[in-house]
Amino acid sequence: KAAHDLLQSMQAEKLLRMTAGMSKFPSPAQRELTMAKVEKLTPEMVYTRLSAPVSRLVSAETAAEMTRYYQSSYGQKLLKETYNGAPRMYAADPTPTPAEKAELKKPAFVKANQEFKAAEPAIRHEVFVLLTEINKGK
């Protein structure tokens, strides 16, 4: 449940679309077919299929703390910048307000953020694995 909530708060369906868009395909037709399959998926199905592998990668406490983070005003700005911002070589995080800075310095968040950052490459890999399964029709 905690992993499902985390995926919902970080809008994992957009991460899946982004992964599909950045992937290499043998032909433009194959790319269009895959993107059509991804567009047909409901966000709830993406959260459900990814929640089991993600729950093995992050603890319930980390998932709960990061869910709270992504639901905060700063987390929403960060997600908007990540998924809807202009393409760039390096991530440019939005500037937090003083209240948001205080939130980001809380020990519980710092610990959860470190664990989440360590698990992020594995989460992205799981998203790619899901994309591969969807492409194969599973």
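Is K106 buried, partly exposed or exposed, and what is its relative accessible area? In this predicted model, K106 is partly exposed, with a relative accessible area of 38%. The K106 side chain meets that of E103 in a salt bridge, at 3.0 Å from N to O. Through salt bridges with shared partners, E65, R68, E103 and K106 form one network.

The structure contains eight salt bridges. One of them pairs R68 with E103. The closest N and O atoms of R68 and E103 lie 3.0 Å apart. R68 belongs to helix α5 (residues 60-71) and E103 to helix α7 (residues 98-104), so this contact ties together parts that are 35 residues apart in sequence. Both side-chain partners fall in the intermediate accessibility class. R68 is partly exposed, at a relative accessible area of 37%. E103 is also partly exposed, at 31% relative accessible area.

A further salt bridge joins K77 to E100. Here the closest N and O atoms are 3.4 Å apart. Distant parts of the chain are again linked. K77 is partly exposed, with a relative accessible area of 33%. E100 is buried, with a relative accessible area of 9%. The value for E100 is 9%, and buried means under 20%, so E100 falls in the buried class.

Technical notes:
Residues numbered from 1 in each chain as written. Predicted model: local features only at pLDDT ≥ 70, side-chain atom pairs only at ≥ 80, totals over all residues. Heavy atoms only, no water. Salt bridge = Lys/Arg side-chain N within 4 Å of Asp/Glu carboxyl O. Helix = DSSP H or I, 4+ residues; strand = E, 2+ residues; numbered from the N terminus. Buried < 20%, exposed > 50% of the residue type's maximum accessible area, 1.4 Å probe, protein only.
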